[in-house]
Amino acid sequence: MTLKILLTDATERLTQATSSKGEAQAMVRMIMEHLKGYNPADCVIHSTDSVTPWLEHEVNMIVSRVEGGEPIQYVLGVARFMGNDFKVTHDTLIPRPETAMLVDMITDRNSQRTDLRVLDIGTGSGCIAISLAKALKFAQERATDISPAALEVARQNAAALKAGVTFALEDILSASAPVDAYDIIVSNPPYIAESEAETMESHVKDQEPASALFVPDSNPLLYYKAIAAYAIKALSPAGELYLEINPLFADELSAMLRESGFTEVELHPDFYGKTRFATAKKPANG
């Protein structure tokens, strides 16, 4: 069997599994980069090469797992975010392109500042904290999560990407806030209401950690309220809060931040036009 035949078959199977030829082709590119270090040009150059039994087995195994509903990032154990490869497991969410917009927002607004003290609450794979540590000048980064398994993944990512981040096991719902400890606090906490699960794709709701996705219908701002109460104490005067949010509760969240004492509360869209982020400041005389 030639490489061209193997990849054509894999693309056809993945197209049926995802109902998207473009997504299937992207997955095949990821598979070949992961297994052989091949880019698309390499695949063309080697298209007539006979494949080894090992390569045929590995490609078919990966495709079969994706056909079974497993996200390819979990199958490969890696996800691309902000130009870097992050290890991911079923203990961590798969980093999303929208979240990269949140990182860009922070770095764009603080590109000229140095020695910022930054906290990432609910770090998961560490993608936000690590990306900020690499982008901001001499930032002092701390990241927390409730999951020991997720923190281990984050530590491995920080080591692999040579990012200076301190990690700590902490539950924001019971955390005690230090005073004036941070210049920036960022979080992408659980924000999907449980009732929304029925409309979600199965490879998300059935594969990614529920504790990092869902909040009770009766209290959709559960984590945001805790983050706001923590941040209003932990941020330095004029310190900044950055949040990824659920568009369904944007107005309610905005009002809650103001009631918690924040100023300059703003909502921002993602590249789909959905209200996806909120920013706020602690008063300068706070």
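Q: Where does Arg-13 sit?
A: Arg-13 has its place in helix α1, where helices (H or I, at least four residues) and strands (E, at least two) are DSSP runs numbered from the N terminus. This is a predicted model, in which local features need pLDDT of at least 70 and side-chain atom pairs count only at pLDDT 80 or more, while totals for chains, interfaces and linings use all residues. Residues are numbered from 1 along each chain as its sequence is written, and side-chain values use heavy atoms, with hydrogens and water left out.

Q: Is Arg-13 buried or exposed?
A: Arg-13 counts as buried because its relative accessibility is 18%, the classes being buried under 20% relative accessible area, exposed over 50% and partly exposed in between (1.4 Å probe, protein chains only).

Q: What is Arg-13 in contact with, leaving aside its neighbours within four places in sequence?
A: Arg-13 is in contact (heavy atoms within 4.5 Å) with Asn-60, Val-63, Ser-64 and Glu-67.

Q: Switching to the sheet, in what order do the strands run?
A: Seven strands make an open sheet with mixed pairing, in the order β5-β4-β3-β6-β9-β11-β10, where two strands pair if DSSP finds at least two bridges between them.

Q: Which strands stand at the edges?
A: Those are β5 (165-169) and β10 (263-269), and each has a single partner strand, so one side of each is left without a neighbour in the sheet.

Q: How do β4 and β5 pair?
A: Strand β4 (residues 140-145) pairs with β5 in the parallel sense over five bridges, and Glu-141 stands opposite Val-165 in β5.

Q: And which strands does helix α8 lie across?
A: Helix α8 (residues 148-160) lies across β4 and β5, running at about 170 degrees to β5; axes here are lines fitted to C-alpha atoms, for helices over the stretch in contact, and angles run from 0 to 180 degrees between N-to-C directions.

Q: What about α11?
A: Helix α11 (residues 250-259) lies across β9 (235-244), β10 and β11 (275-281), and runs at about 160 degrees to β10.
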